[in-house]
Amino acid sequence: MNDQTQTLTNTPRIGRRAILAGVGATAVTAVVGVGMASSASAAGFHYPKLRPGAVHYDNVLLLKSWLKKNGYNPTYGSQTAHYDRTTQRLVQHFQVRCALKTDAIVGPKTWCALVAHTSSRPTLRRGSRQYDVQLLQLALNARFDSGLGSDGVFGAATEREVKRYQRLVGLAADGVAGAKTWSNLARGR
């Protein structure tokens, strides 16, 4: 079991604020922990639309965690709950990198790309159980509020949502998350 998997399986179900308080820690722990902690039932985490100037503790720190995981360093004020100019520039740079609309608004496509970019992108299918399945589930939740729990198990619900996503972007809907599916997710399509 690698460090990331171990961290995920040992993440306690505590509030988002407590998990995100250590943004300097591994961002994936914080973000996947948020997905788990915020789903009181089987439903997945809902990603908020964020605009520059937004002030919201959990949501802005979540954004900064994903930016950090994607190689950006929101250093000054990174532990603050303010979507400041530095964060705006980082989001816009990420949007350009992914060929997304460069408006600094973090909506479903930008959230999806932020999540999918962190995966090692293995081929995943029904029965897969690993860390990247959680990232796939989080990316699908980000893209169209699929309601998946981020449990790391590729079951019937995950397969159904992968097929739904594949149809949405014009891929063969086989329910297998392979290179083409990951590529589209990473571009926020």
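Author: Start with contacts along the chain. Among those between residues at least 6 apart in sequence, 53% join residues at least 24 apart. Contact here means heavy atoms within 4.5 Å.

The model is predicted: local features need pLDDT of at least 70, side-chain atom pairs count only at pLDDT 80 or more, and totals for chains, interfaces and linings use all residues. Residues are numbered from 1 along each chain as its sequence is written, and side-chain values use heavy atoms, with hydrogens and water left out.

The chain has nine helices and zero strands. From the N terminus on, its elements run α-α-α-α-α-α-α-α-α. Helices (H or I, at least four residues) and strands (E, at least two) are DSSP runs, numbered from the N terminus. Of the 189 residues, 49% count as buried. Buried means under 20% relative accessible area, exposed means over 50%, and partly exposed lies in between (1.4 Å probe, protein chains only).

Now the crossing of α4 and α6. Helix α4 covers residues 57–69, and its axis comes within 9 Å of the axis of α6. The two axes cross at roughly 45°. That makes α4 oblique to α6. Axes are lines fitted to C-alpha atoms, for helices over the stretch in contact, and angles run from 0 to 180 degrees between N-to-C directions. Angles under 35 degrees count as roughly parallel, over 145 as roughly antiparallel, 65 to 115 as roughly perpendicular, and the rest as oblique. The crossing of α4 and α6 is left-handed. That term means the near helix is turned anticlockwise from the far one by less than a right angle; clockwise would be right-handed.

Which residues meet there? On the α4 side they are Asn59, Leu62, Leu63, Trp66 and Leu67. On the α6 side they are Trp111, Leu114 and Val115. The contact divides into seven nonpolar residues, one polar and no charged. Ala, Val, Leu, Ile, Met, Phe, Trp, Tyr, Cys and Pro count as nonpolar, Asp, Glu, Lys and Arg as charged, and the others, Gly among them, as polar. An α-helix has 3.6 residues a turn, so residues three or four places apart point the same way.

Helix α6 also holds Thr110. Thr110 is buried, with a relative accessible area of 5%. Leaving out residues up to four places away in sequence, Thr110 touches Phe94, Gln95, Leu100 and Ile105.

Rings of Phe, Tyr and Trp (its six-membered ring) pair if their centres lie within 6.5 Å; planes under 30 degrees apart count as stacked, over 60 as edge-to-face, and the rest as tilted. By this rule there are two aromatic pairs. Tyr72 and Phe94 form an edge-to-face pair, 6.2 Å centre to centre with 80° between the planes. This pair links distant parts of the chain: Tyr72 sits in the loop between α4 and α5 (85–97), Phe94 in helix α5, 22 residues apart. Tyr72 is buried at 10% relative accessible area. Phe94 is buried too, at 1%.

Phe144 and Tyr165 form a stacked pair, 6.3 Å centre to centre with 20° between the planes. Here Phe144 in helix α7 is linked to Tyr165 in helix α8, 21 residues apart. Phe144 is buried, with a relative accessible area of 14%. Tyr165 counts as buried at 0%.

Ser146 lies in the loop between α7 and α8. At 12% relative accessibility, Ser146 counts as buried. Neighbours within four places aside, Ser146 is in contact with Leu140, Asn141, Glu161 and Arg164.

Next, helix α9 (residues 179–186). Its residues Thr181, Trp182, Asn184, Leu185 and Ala186 are buried. They pack against α6 (108–116), α7 (131–144) and α8 (156–168). After α9 comes Gly188, with a positive phi near 70°.

Most residues other than glycine have a negative phi, and most peptide bonds are trans. Ala104 has a positive phi, near 65°. Ala104 lies in the loop between α5 and α6 and counts as buried at 0% relative accessibility. Arg121 also has a positive phi, near 60°. Arg121 lies in the loop between α6 and α7 and is partly exposed, with a relative accessible area of 34%.
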